[in-house]
Amino acid sequence: MINETDIQFLRQAIDLAREGVEGGKGGPFGCVIVKDGVVVGKGCNGVTSTNDPTAHAEVVAIRNACRRLGDYQLTDCDVYTSCEPCPMCLGALYWARPRRVIYAATRHEAAEAGFDDAFIYREIGLEGGERKIPFVHQPVEAATELFGLWRVMGDKKLY
């Protein structure tokens, strides 16, 4: 259930997106991450200003929040984003494991503005050789051995 506090945090994400656009940082996307009613991470899209294709608002905010929290997971956090996350951000959010994600605009509205990720959603389901960018599997034994090393490592943190 969405309440007035959720709307206020969504507005903060939207304000970050506006500031980013007006400041020439990147596309119209903003994100805030909240734990126990306190903003612990925030970000706006910085793809074009940082020449970093991964500098999406959600990824920037996740990195910010995780540094601040001293953890690689967003346990008990809520993510508020100005727009429905793209496939990359969706993956990052699942890895970060927040409690929930609340977004304002849809991916379809973003597509109408030129941010169309539909082709990526289609590409994900294809085999490597069928994708627009070919993904070629070349087995190397040393790479597989790393998984064996990981399995027997005693003091690892699972994620």
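Select Ser82 to begin: with a relative accessible area of 7%, this residue is buried, a word that here means under 20% relative accessible area, while exposed means over 50% and partly exposed anything in between (1.4 Å probe, protein chains only). The model is a predicted one, in which local features need pLDDT of at least 70 and side-chain atom pairs count only at pLDDT 80 or more, whereas totals for chains, interfaces and linings use all residues. Residues are numbered from 1 along each chain as its sequence is written, and side-chain values use heavy atoms, with hydrogens and water left out.

**Around Ser82**

Ser82 sits in strand E3, where strands (E, at least two residues) and helices (H or I, at least four) are DSSP runs numbered from the N terminus. Which residues is Ser82 in contact with, leaving aside its neighbours within four places in sequence? Show Ala13, Ile14, Ala17, Pro28, Phe29, Gly30, Ala104 and Ala105, which are its contacts, contact meaning heavy atoms within 4.5 Å. Then select Gly24 as well, which is 58 residues from Ser82 in sequence and 17 Å from Ser82 in space, C-alpha to C-alpha.

**The whole chain**

Zoom out and colour by secondary structure, and the protein chain shows seven helices and four strands, which follow the pattern α-β-β-α-α-β-α-β-α-α-α when read along the sequence. Its C-alpha atoms fill a box of roughly 55 × 40 × 30 Å, taken along the principal axes, and 31% of the 159 residues count as buried. Among contacts between residues at least 6 apart in sequence, 49% join residues at least 24 apart.

**The largest nonpolar core**

Now select Cys31, Ile33, Ile62, Leu74 and Val79, the residues with the most contacts inside the largest nonpolar core, which has 16 residues; such a core is a set of buried Ala, Val, Leu, Ile, Met, Phe, Trp, Tyr and Cys residues joined through side-chain atoms within 4.5 Å. Two or more residues each come from strand E1 (30-35), helix H3 (57-69), strand E3 (77-83) and helix H4 (87-96), and H3 gives the most, with five. Apart from this core lies another, of eight residues, which includes Phe9, Leu16, Val34 and Cys44.

Centre the view on Leu74, which, not counting residues up to four places away in sequence, touches Ile33, Ile62, Ala65, Cys66, Leu69, Val79, Ala96, Arg97, Pro98 and Arg99.

**Helices H3 and H4**

Select H3 next, and colour its buried residues, Ala57, Glu58, Val59, Ala61, Ile62, Ala65 and Cys66, which pack against E1, strand E2 (38-44), E3 and H4. The 13 residues of H3 should span 18 Å at 1.5 Å a residue, and its end C-alpha atoms are 18 Å apart, which agrees; the expected span is 1.5 Å times one less than the number of residues. Just after H3, Gly70 takes a positive phi of about 70 degrees.

Moving on to H4, its buried residues are Pro87, Cys89, Leu93 and Ala96, and what covers them includes H3, E3, strand E4 (100-105) and helix H6 (118-124).

**Two residues with positive phi**

Most residues other than glycine have a negative phi. Select Arg97, in the loop between H4 and E4, which has a positive phi of about 60 degrees although it is not a glycine. Is Arg97 buried or partly exposed? Arg97 is partly exposed, with a relative accessible area of 38%. Then go to Asn51, in the loop between helix H2 (47-50) and H3, where phi is near 55 degrees, again a positive value in a residue other than glycine; at 70% relative accessibility, Asn51 counts as exposed.

**Helix H7**

For the last stop, select H7 (residues 141-152), a helix of twelve residues that reaches 17 Å from its first C-alpha to its last, close to the 16 Å expected at 1.5 Å a residue. How many of the twelve residues of H7 are buried? The count is zero, and H7 is hardly covered.
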